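Visitor: Could you take me through this structure, please? I will ask as we go.

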Amino acid sequence: MQSYILNYLVILGLCSILLFLYGFFPIKNYDGTVSTLHSLPDKVGNIKVNSNELYAPSIGRLVIMVIDALRWDFVEGVDGHLNMPYTASLIDGKKACLLSGKASPPTVTMPRIKAMTTGSVPNFIDVALNLGSSKIMEDNLLLQARNHKMKVIFYGDETWLKLFPRIFSRSEGTTSFFVSDYTEVDDNVTRHLATELGAEDWRLMILHYLGLDHIGHVEGPQSPLVRPKLQQMDRIVRRIHRRFLGWDKQFMSPPVLVVCGDHGMKNSGSHGGASPEEILVPIVVIGRVCSGEVSSDFFESAVPQTDLVPTLSMLLGLPIPAASLGKMIPQILHSLPVSQQLYALYYNCKQVATQFENNVANAPSQGSYLQYQEAMRLHAEWLEFNTSTSDAEERIKILYMSALSGMSSKLADSFITFDVPALVVASVLLWQIVFILALELRPNAVHVLSATLINIILLSFSLLWCSFSSSSSVVCASSLASLPVTLAVVLAVTGNTYLIMGSTYHGIKLSKLLSMERGTVVLVSGTILHTISLSSSSFVEEEHQVWYFLWLTFVMVVVYQMCTAHVAQSKYSSDWQLWCWLSLPILHRLLRKWNQTGDKWASLPDVGDWLAHQQHRGALSFVLLVGLLAVCCFCYDILMRYPGAKRTLIEVVLITTAAVCVYCYRTAIGTVDVPFSYSQTKGTREVRVFWSVMALMLTQAVGNTLYELKAAHCNRHAVLGRMLSACVCSWALLCALLHRPHNVLLVPTQIWMSRCVSRLRDNSVWWQATAHVWIGAVVYFYQTVGTVARFLSLRADYAVPASCCIRCVGYPPPLPSVCVVRVLPQAAVRGHAFCNHIGSTSIHSQSGCSYHEGRKMRTLRMYNITVTNKRISIYKYILSL
């Protein structure tokens, strides 16, 4: 295939992927509208009202205390009285109200902050933005406060500072990178309270505590550390609440403290999905504005987080942000006089109705809009005739709330509508590219007339589809902005049809399919079945079960082949090879219970939970020691796998020292034991020594490589292979440092699995590559990191000392390599291409793999290997090593 055709297909593939992402992740366009006090309506129907009087501020100061990953059951019921006794006493004494909040997925921090400040519904594209939060451009509560001369201060998660730059008068951010830090990350917030509680210049203070979220990620919600952390938060609530009396006299209006969670957490400690544990969060409103005497017909059982925006805006006397879809919280609204309640509901309804008219087709005929009109008519009559009857007032409130609920729901649905035509067109183009690559092109054999007719037929179907569906898709719209996209799609389909018509397809003979080995059949059919299973949400949620079944089936089929061949004395003659493969089912049975994973089973007890108990520290110490010894042995072996390699005393000392540093670090932070006295520190010294050893290992490897490359008699590929081996050893030791202690044993386990597969040298490169992809997928689920489709369920399977500077202890830069390397489970690497490992090399196109760093993600970039007929034997030789 000519290079210009390949370039065309690459560019078209990238454009098709972008078109698919555009259709799959709808992006809301904001017109830059910012609400002002002039937005307050001065008429209800035809009746004039005094908006300044009806929408006056009803509170003096507002404190919003966000406790990251605060679940509903942490505060409610008997556990709530044990976890947060002071807060529970305020609720029982009617000095606070406990509301059941609802966080819409994705339940990660940045979209939740966006919902609680703008009142809008975040999209799933915000998941990607969560990893690199950028400034919020739309109207929001904090912008309104600043525009109306209110000082806003903030202390806590630095995500707020990225989302709202130049908003806060005073602020300090804390990083969420060090997930093993449960204490200092919160102490750095609390240390400012003494000063700020005594200051008189601010009106709005926001505190965001991360410690509970860190405990959940590392230990899980059942950890014994959860209750002390919640009790610490309760003491902070008591400290702030006891200052309320002084603020009442100073500001002549009651202060309010809102304590809430941005999201919950699963029983496994992660979050990001839509399970009840993740979306149900408490909202505790402390102050005189809270009232529980509200009819059950007047409010929903769960309060969406977006409802905080109009409610807090009303309490502060601020305009509701223009893009807000939230509605007033009845329990808070009920504390106001009836006239102010009705006006606030009318203003809220009018603000949502304006968006409803602009974004929903046939808005005036919708039932919720008609309810709004009816409520406004009754409200005007109530004002005109002064019919102050409780029945009339309740009816107006219920109509307003029902209209708000209906319009907000329809607006949210309209903002997350997929662009189906764009998805279909992008999928068709990608399948055309795949089909073209599967063909052998025959130049100068194109039937231009046939190609033209096919394109005319496709274009006609597309026009009919867009016409009858009345779609506003980017590929169907008749606007000038959509014209380039439509023309590009027509040209791409024309070019693809031209290539397809000028090619011939060589089919696969049935006899070749029937003659494939059983192991190959399992790999091919298993990969296809796994792809199909991703269309089912149940299989996605329990994807680990699919991989466990496929892996065990593959292993048993290969063992059966080896036994058959061994009996026949034909293909396999090594008893050792057979025993290696027989060990894999035993390891699998143990490791599938090492860490529970999935949506339904993650909360069940497992081996990791047993080892994490304080009384089992001796067993955990033994497991960590065995894991580190195995890592060292495999590193020694890896360094000797290339011709001419010599194990030097320096390499042995460096590897051993690095492993000792890992164990000493775990001892210093109190995770494991040693038979002698060892000082309890934060592990900073041990980790710095570890990084120094890593630097020496890589420096020695680079120096040896440069020296040997100058020698003419040296095998260049063997020298580069030894360099790669040193990088792999360094990476394995790094994974042992970053992973949780009981999971260090997974490092040598995956190397062993890879070694077993790589010993079957008679199989093709692609057989090896696919088998290593399967190994990566299985080990990925051994370490309880959740499903692939829910990669945003962020779980920390590593630990970093809290006090260490990121420049000294931070994650290493991605290691480029000349082969495809599965970089071990400890970095939570997910192999989307061929991310394989150790002892075997696979050939692939340029791609990358992602791994989690707390809330951040990094990419391991991989270089392309061009395989020609002249070099294929060399790479087969490297593969055999």
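Guide: What follows covers the sheet, some side-chain contacts, aromatic pairs, helices and backbone features.

Visitor: What kind of model is this, and how are residues numbered?
Guide: This is a predicted model, in which local features need pLDDT of at least 70 and side-chain atom pairs count only at pLDDT 80 or more, while totals for chains, interfaces and linings use all residues. Residues are numbered from 1 along each chain as its sequence is written, and side-chain values use heavy atoms, with hydrogens and water left out.

Visitor: In what order do the strands of the open sheet run?
Guide: The eight strands follow the order E6-E5-E7-E3-E8-E9-E4-E10, with mixed pairing. Strands (E, at least two residues) and helices (H or I, at least four) are DSSP runs numbered from the N terminus, and two strands pair if DSSP finds at least two bridges between them.

Visitor: Which strands stand at the edges?
Guide: E6 (170-174) and E10 (303-304) do; each has a single partner strand, so one side of each lacks a neighbour in the sheet. E6 runs parallel to E5 (residues 152-157), to which five bridges join it. Tyrosine 155 is opposite glutamate 172 of E6.

Visitor: Changing topic: where is histidine 271?
Guide: Histidine 271 is in the loop between strand E8 (256-260) and helix H14 (276-279). Its relative accessibility is 0%, so histidine 271 counts as buried; buried means under 20% relative accessible area, exposed over 50%, and partly exposed in between, with a 1.4 Å probe and protein chains only.

Visitor: And what does the side chain of histidine 271 contact?
Guide: One polar atom of that side chain lies 2.8 Å from the backbone oxygen of threonine 107.

Visitor: How many aromatic pairs does the structure hold?
Guide: The structure holds 15. Rings of Phe, Tyr and Trp (its six-membered ring) pair if their centres lie within 6.5 Å; planes under 30 degrees apart count as stacked, over 60 as edge-to-face and the rest as tilted.

Visitor: Why is the pair of tyrosine 346 and tyrosine 400 called tilted?
Guide: The planes of tyrosine 346 and tyrosine 400 are at 50 degrees, with ring centres 6.4 Å apart, so the pair is tilted. Tyrosine 346 belongs to helix H17 (residues 338-359) and tyrosine 400 to helix H19 (residues 390-415), so the pair ties together parts 54 residues apart in sequence. Both tyrosine 346 and tyrosine 400 are buried.

Visitor: What about tyrosine 369 and tyrosine 372?
Guide: Tyrosine 369 and tyrosine 372 form an edge-to-face pair, at 5.7 Å centre to centre and 65 degrees between the planes. Both are in helix H18 (residues 367-385), three residues apart, about one turn of the helix.

Visitor: Which peptide bond is cis?
Guide: The bond joining proline 105 and proline 106 is cis, with omega about 5 degrees. Proline 106 sits in the loop between strand E4 (96-102) and helix H5 (109-118).

Visitor: Lastly, is lysine 149 buried or exposed?
Guide: Lysine 149 has 77% relative accessibility and therefore counts as exposed. Although not a glycine, lysine 149 has a positive phi of about 65 degrees.

Notes:
A polar contact is a pair of N or O atoms within 3.5 Å; within protein, one must be able to donate a hydrogen and the other to accept it, and residues adjacent in sequence count only if both atoms are side-chain atoms.
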